[in-house]
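Colleague: I have just opened this one and would like a careful walk through it. Could we begin with the words you will be using?

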Amino acid sequence: MKQFAALFNALDQTTKTKPKVAALAAFFAEAPEADRVWTIAMFSGRRPRRAVTTTKLREWAAEVAGIPLWLFEEAYPIVGDLAETVTLVLPPADTVSNQGLTQWIDTIRALSDQPEEVRKSVIQDAWTQLEPTERFLFNKLITGGFRIGISQKLMTRALAQATDKDEAELAHRLMGDWDPAQTSWHDLIEAEDSAAGASRPYPFYLAYALEDAPEALGAPQDWQAEWKWDGIRGQVILREGQHFVWSRGEELMTDRFPELARAADFLPMGTVLDGELLVWGEDGPQSFNALQKRIGRKTVPKKLLQEAPVCLYAYDLLEEHGEDLRGLPFSERRARLEALCSALPPESAVRLAPQVPFETWEDLATTRLTAREVQAEGLMLKRADSPYLVGRKKGDWWKWKLDPLTIDAVMIYAQSGHGRRANLFTDFTFAVRNGDDLVPFTKAYSGLTDDEFRKITAWVKKNTLQRFGPVRQVTPEHVFEIAFEGIQASTRHKSGVALRFPRMSRWRHDKPVGEANTLDDLKEMLNTYG
Amino acid sequence: MPALTFTDRGIYCAAGDFYIDPWRPVDRALITHGHADHARPGMGRYLCTDIAAPVLRHRLGDINIETVPYGATLTLGAAQVSFHPAGHVPGSAQIRVEVKGEVWVCSGDYKIENDGLSTPFEPVRCHHFITESTFGLPVFRWQPQADVAHQINSWWAACVAQGKTPMLGAYSLGKAQRLLTMLDPSIGPILTHGAVENTNAVLRAQGVTLPDTLHVTPDMTGKDHPNALVIAPPGALGADWAKRFGTVETGFASGWMALRGIRRRRGGDRGFVISDHADWPGLLSAIKETEAENIYVTHGYTEIFTRYLNEAGWTAAVVSTEYEGDSLETESAA
């Protein structure tokens with residue numbers, strides 16, 4: 001664990017990318033192979049199953065620290081991280097352990113079958129043997145969330161440095177459904193890749209937002225346009241008689257979207273499609289709001305399957321007859337996709353996403369303004385000769401979204417954030433006016449600068465009217481412009497609307513509360529854009 | 001009537017007709033130490049320790065100031081008053097006030113560990129103890145100063161080995177001088193920002209021994225003084241002022257660096273956990289040693305700390321003041 005703790009400290013003690021990659025690369029070259037595999041697993045979002053509830057962890061930590069539980073609970077939001085709070089309240093370790101990362105992980109994995117007293121004693125005993133950084137990492141392993149500021153991209157780059165292998169190839173190897181407890185370093189990184197699992201997806205190619213006018217991209221005939229859909233980016237894989245559905249977040253969602261099982265009846269094995277998972281209604285793609293009901297449901301009741309049927313709106317073909325097509329130009333992949341999908345019946349649950357024809361950039365700009373009418377967020381621009389790259393890359397693919405909708409709203413509640421935003425008020429509830437009342441209609445967390453967050457934090461502390469646990473009701477005084485991508489009717493919200501991607505786009509110091517928008521304004525937006 | 005009362009101008013002693021660390025202009029102010037939230041301009045007369053006085057004059061200009069050594073007893077009206085070391089910064093005091101056998105101690109800001117620079121904290125027995133709680137949560141637990149010194153010097157040496165200039169952000173009064181005494185001058189020269197150097201000059205003039213430092217002048221660059229470490233107020237680290245030193249690594253020295261979220265938000269490379277305020281065990285041991293039954297908590301995590309003290313058997317209350325201690329907001333602004 002000491003070696004892993006040293007790696008963590010090296011990563012944590014710099015804000016610069018180069019030394020981070022160097023520290024990781026050195027670790028991948030020197031650490032025991034099993035530790036490397038677990039490190040890759042953790043930095044790509046895989047982790048041992050949670051062995052205890054966080055409630056128990058808090059109780060056990062408070063007990064060892066000799067403090068009342070309420071005091072621990074007060075300290076936690078101030079620290080902003082549970083594993084760290086536990087680390088800080090415990091008395092210093094009194095012995096030293098030389099167990100490695102994998103051994104500690106094995107210890108934690110073995111806990112899930114144990115009765116509670118055993119778990120408690122193993123964990124409390126571990127705390128007495130670990131240095132502060134080791135203890136923090138141990139707690140992170142127990143609590144699950146291992147987000148420590150290292151992206152998968154950065155980790156893959158370091159792995160490429162350490163192994164002299166191609167970064168894109170490594171990114172592909174690390175995709176999919178592998179279990180770090182059952183996978184050796186050799187199999188994961190070094191072995192000939194023919195034994196790749198049938199379920200393994202390709203790394204997604206992601207677009208940057210287009211900031212300037214599209215004219216800067218060059219001749220319009222070199223480009224192809226599609227609507228940018230507002231669903232879940234997904235990959236559907238048909239291999240070896242099975243089918244798999246992956247989300248962009250590398251989550252296996254096959255069971256959540258059982259409709260796609262039918263795809264195997266209409267498409268040949270050895271096919272991989274990239275597209276958007278959407279709810280399909282009578283008049284075509286539905287809003288994200290419709291999909292919301294399906295997300296987070298691991299099993300889907302029949303009724304919901306009928307109400308909100310999901311399909312893949314396919315816009316790229318990554319594999320055909322088992323052959324990786326990613327190196328082909330987009331226009332060629334598109335032609336093959338059309339040949340494969342244009343005649344599919346609705347029950348296949350795969351539909352061909354149309355292209356948006358255009359002659360000039362002006363044409364396309366006009367078309368873009370109608371995106372909301374087809375439930376799209378804007379346009380995607382793809383260079384006709386572009387290969388399918390790995391990750392977010394500039395140049396060949398651009399998303400050209402509609403300008404957001406905006407509304408001026410009054411801040412009425414504030415709550416502090418977590419992690420890097422602990423101790424700052426960053427999570428706010430906003431209201432619109434309705435006569436003399438203020439009707440809450442959305443929350444927003446982002447869009448302000450660190451300096452603005454500091455200013456509003458100081459203000460919230462001095463202008464708290466009431467506390468409800470961590471939430472503070474504040475004097476209605478500040479008006480913020482809220483930007484959002486869409487608006488839908490909602491029965492779950494008091495205001496009757498739900499916003500898509502709300503964020504604070506501007507602090508309207510110039511506007512008094514009396515000039516904030518009203519509930520009627522909001523309803524009108526719902527009528528126009530909902 | 002209690003010997004001390006809490007007013008909207010500050011902590012007031014009616015028997016002696018004086019205030020302690022007032023935040024509005026009054027005739028007579030007894031000052032615990034020279035930080036801006038405790039020593040404010042506009043008072044008719046000031047009274048502080050002889051060691052604290054030069055900094056007060058430096059910061060507040062031409063003021064009417066009387067001084068008293070630690071431990072000496074003064075009679076002010078019907079009150080007996082004495083100043084006792086608080087260990088916070090050089091000259092900082094806890095002020096003891098006795099009226100008709102009732103003893104109060106107002107501790108200002110304090111820390112327990114001997115930093116080798118300030119006169120070490122001495123517990124003073126009393127009936128009523130007024131305390132800060134800047135770090136009044138069980139997550140704050142300081143390491144010995146020698147350990148932190150080792151961390152900072154290792155960082156300095158590592159920066160030098162990589163051809164980088166380490167820049168350490170610290171308060172210009174107190175923390176900066178404490179760090180100076182912790183640095184290992186065999187690694188290289190110590191350069192200081194003007195705000196730090198001014199305070200150094202005041203302290204040196206009154207006989208405090210500090211290691212040699214070089215004031216960073218407008219024409220100086222990083223190349224003039226290889227292997228150097230720079231100490232500056234936190235706000236100067238990201239500023240244009242810092243650009244002359246080429247490739248820099250930044251570090252912040254503060255108790256808040258104990259929290260990873262705050263460290264990351266600061267955007268510095270390193271955070272060194274060192275504070276001139278008492279940590280959780282320090283606050284509790286200080287309170288125990290006063291043997292006071294009544295505790296008044298003036299600033300910091302006042303509500304949480306007060307609740308804890310009440311559950312643990314003291315009679316504690318939150319007192320509203322305008323002291324900030326080492327608040328996160330002032331840190332960010334500094």
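Modeller: Two residues are called in contact if their C-beta atoms, placed from the backbone, lie within 7 Å. Helices (H or I, at least four residues) and strands (E, at least two) are DSSP runs, numbered from the N terminus. This is a predicted model, in which local features need pLDDT of at least 70 and side-chain atom pairs count only at pLDDT 80 or more, while totals for chains, interfaces and linings use all residues. Residues are numbered from 1 along each chain as its sequence is written, and chains are lettered from A, with ligands numbered from 1, in the order in which they are written.

Colleague: Fine, so what covers the buried residues of H9(A)?

Modeller: The cover includes helix H1 (2-12), helix H4 (54-65), helix H6 (82-89), helix H7 (101-111) and helix H8 (116-127) of chain A. A residue counts as buried if 20 or more other C-beta atoms lie within 10 Å of its own, as exposed if 12 or fewer do, and as partly exposed in between, with C-beta atoms placed from the backbone. Nine of the twelve residues of H9(A) are buried, so this helix is largely enclosed by the rest of the structure. Among those buried residues are A:Glu134, A:Arg135 and A:Lys140, together with A:Phe136 and A:Leu137.

Colleague: And what span should its twelve residues have?

Modeller: The expected span of a helix is 1.5 Å times one less than its number of residues. For helix H9 (residues 132-143) of chain A this gives 16 Å, and the end C-alpha atoms are 16 Å apart, which agrees. Just after H9(A), A:Gly144 has a positive phi of about 105 degrees.

Colleague: Stepping back, how many helices and strands does chain A have?

Modeller: Chain A has 19 helices and 22 strands. Its radius of gyration is 26 Å, close to the 24 Å that the globule rule gives for 530 residues, so chain A is as compact as a globular protein of that length. That radius is taken over C-alpha atoms, and the rule is 2.2 Å times the number of residues to the power 0.38. The C-alpha trace of chain A spans about 75 × 70 × 50 Å along its principal axes, and 39% of the 530 residues count as buried. Among contacts between residues at least 6 apart in sequence, 71% join residues at least 24 apart.

Colleague: Which domains is chain A divided into?

Modeller: Chain A is divided into domain 1 (2-143), domain 2 (205-401) and domain 3 (405-529), with bounds that come from an automatic or database domain assignment. The C-alpha centres of domain 2 and domain 3 of chain A lie 33 Å apart, and six residues of domain 2 are in contact with six residues of domain 3.

Colleague: Now the strands: is S4(A) largely enclosed or exposed?

Modeller: Six of the eight residues of strand S4 (residues 232-239) of chain A are buried, so S4(A) is largely enclosed by the rest of the structure. Two strands are said to pair if DSSP finds at least two bridges between them. S4(A) runs antiparallel to strand S6 (residues 271-281) of chain A, with seven bridges joining them, and A:Val236 stands opposite A:Leu273 in S6(A). Six bridges join S4(A) to strand S5 (residues 242-247) of chain A, again antiparallel, and the two form a hairpin with two residues between them, where A:Glu240 in the turn has a positive phi of about 50 degrees.

Colleague: Last one: how many residues of chain B are in contact with chain A?

Modeller: 19 residues of chain B are in contact with 24 residues of chain A. On the chain B side, helix H5 (260-266), helix H7 (302-311) and helix H8 (328-333) are the elements that give two or more residues, and H5(B) gives the most, with five residues.
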